[in-house]
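Reader: Hi! I'm new to this one, could you walk me through it?
Author: Happy to. Here it is.

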Amino acid sequence: MFESDTTQFEKLVSDSETLKTKWTAVCEAVQTDIKNRYGLDVDESTVRKIGEVRLFTLSNYAALDQAEYSKQVEALPQLAEVIRIREIAAGNMIVRKAALDEINAMPNRSKTNRADKISEARRLNVATSGADYDDSGYSHEQKVQMLLTISNISARISQARAWGILK
């Protein structure tokens, strides 16, 4: 992202009452969208970093390119961790394994380092209860449906624990 992009944009908006009005409305809409979709409050400078939003503000297009807009929003540094945590919670084993590898690579020489590792594992929701997590590729919903087909309650509970659904 070039700083001059946002600097030029800011100048264009500040020089035009029409663009100021449009930018205010677009910025508020984007902030609301990000809050609703990701539960995160972002400021105007963050919204300004989204190229698709700047382009939309300066153009006469009737609508944003939703695919490009979503891609750029999800690339914002503030959202990367939120998305990562959601992917882990949704059962994405690839993202979970990458997070575990990252945590395991952290130093473990002192109590503070170990506490940091535990804290990071909890924050990312990869701290385990000792269950063996399944990396079969089934989604959470598929696992729940499969559990409902197990008639033996203790076997159902055991399988739910093995998949990390039940602790």
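Author: One term before we start: contact, or touching, means heavy atoms within 4.5 Å. Also, keep in mind that this is a predicted model.
Reader: Thanks! So what does V53 touch, leaving out residues up to four places away in sequence?
Author: V53 touches W23, V26, V30, V47, L64 and Y69.
Reader: And which residues touch the most other members in the largest nonpolar core?
Author: That core has 20 residues, and V30, I34, I50, V53 and Y69 touch the most other members. The elements giving two or more residues to it are α1 (3-14), α2 (17-38), α4 (51-58), α5 (66-74) and α6 (77-89).
Reader: Which of them gives the most?
Author: That's α2, with seven residues. There is also a second, separate core of six residues, including I88, A99, I103 and L124. In soluble globular proteins, nonpolar side chains tend to be buried together.
Reader: Changing topic: where is T6 found?
Author: In helix α1.
Reader: Is T6 buried or exposed?
Author: T6 counts as buried, because its relative accessibility is 5% and buried means under 20%. Setting aside neighbours within four places in sequence, T6 is in contact with R48 and R54.
Reader: What about the surface, which residues form a nonpolar patch there?
Author: I153, I157, I165 and L166 do, with about 300 Å² of accessible area together. I165 lies in the segment after α10 (153-162).
Reader: Why does I165 count as partly exposed?
Author: Because its relative accessibility is 30%, and partly exposed lies in between the 20% limit for buried and the 50% limit for exposed.

Definitions and conventions. Residues numbered from 1 in each chain as written. Predicted model: local features only at pLDDT ≥ 70, side-chain atom pairs only at ≥ 80, totals over all residues. Heavy atoms only, no water. Core = buried A, V, L, I, M, F, W, Y, C linked by side-chain atoms within 4.5 Å. Buried < 20%, exposed > 50% of the residue type's maximum accessible area, 1.4 Å probe, protein only. Helix = DSSP H or I, 4+ residues; strand = E, 2+ residues; numbered from the N terminus. Patch = residues over 30% accessible without salt bridge, like charges linked within 9 Å, V, L, I, M, F, W, Y side chains within 5 Å. Areas by Shrake-Rupley, 256 points an atom, 1.4 Å probe, with all protein chains shown as cover. Salt bridge = Lys/Arg side-chain N within 4 Å of Asp/Glu carboxyl O.
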